[in-house]
Amino acid sequence: MRLLPSRRDALYLLLVFVILLTQLPFPLTDDTGHWQSMAYDLIHYGRWPYVGTWDQTFPGAILPHFAAITLFGPSDFGFRLFDLVIQMLAVWMLFRFWRIWMDERMAWLTVLMYAFFYVRSAPFVGGMRDVY
């Protein structure tokens, strides 16, 4: 079984990429902005997360933000770009997983439905800890 996409798969991935690309201009929401600021404070000032903040979530919520700031900078666009990369990897893994039980067209249709749902739910689902 091949790990790299075929030419047809690459076209489907390009279509999914264009769909998910519409997520980039959205600003961070209240929760994601809060976690982004905690990750920023940890990276730049050495402040421990959740100390001096009012947040009741588990500590793992800032880990994607920590990685996004490290890779793409502290902007909203940087986090959305990180989210785009994660979603593209997830789409490829989901296609490979669904391909075990479905034919290729149905697996791609399912992936496209996932991409449309993800973008349609933006910005409230995009970047939330439940997605990762």
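Visitor: Which exposed residues sit on the face of α1 turned away from its buried side?

Guide: In this predicted model, that face carries Arg7, Arg8 and Leu11. They're called exposed because the word is kept for a relative accessible area over 50%.

Visitor: And what makes the other residues of α1 a buried side?

Guide: Asp9, Leu13, Val16, Ile19 and Leu20 are the buried ones in α1. They cover an arc of only 115° around the axis, so they end up on the same side of the helix. What covers them includes α4 (76–98) and α5 (104–120).

Visitor: Why is glutamine 87 called buried?

Guide: Its relative accessible area is 2%. Buried means under 20%, so glutamine 87 qualifies. This residue is found in helix α4, and it touches Leu20, Tyr114, Tyr118 and Val131, leaving aside residues up to four places away in sequence.

Visitor: What makes the link between the side chains of glutamine 87 and tyrosine 114 a polar contact?

Guide: The distance is 2.5 Å. The cut-off for a pair of N or O atoms is within 3.5 Å, with one able to donate a hydrogen and the other to accept it, so the pair counts as a polar contact.

Visitor: How do you know how α3 and α4 are oriented to each other?

Guide: Their axes come within 9 Å and cross at roughly 105°. Angles of 65 to 115 degrees count as roughly perpendicular, so that's the label for α3 and α4. On the α3 side, the contact residues include Pro64, His65 and Phe72, and α4 brings Gly78, Phe79 and Val85, among others.

Definitions and conventions:
Residues numbered from 1 in each chain as written. Predicted model: local features only at pLDDT ≥ 70, side-chain atom pairs only at ≥ 80, totals over all residues. Heavy atoms only, no water. Buried < 20%, exposed > 50% of the residue type's maximum accessible area, 1.4 Å probe, protein only. Helix = DSSP H or I, 4+ residues; strand = E, 2+ residues; numbered from the N terminus. Arc of directions from axis to C-beta. Contact = heavy atoms within 4.5 Å. Axes fitted to C-alpha atoms, helices over the stretch in contact; angles between N-to-C directions. Parallel < 35°, antiparallel > 145°, perpendicular 65-115°, else oblique.
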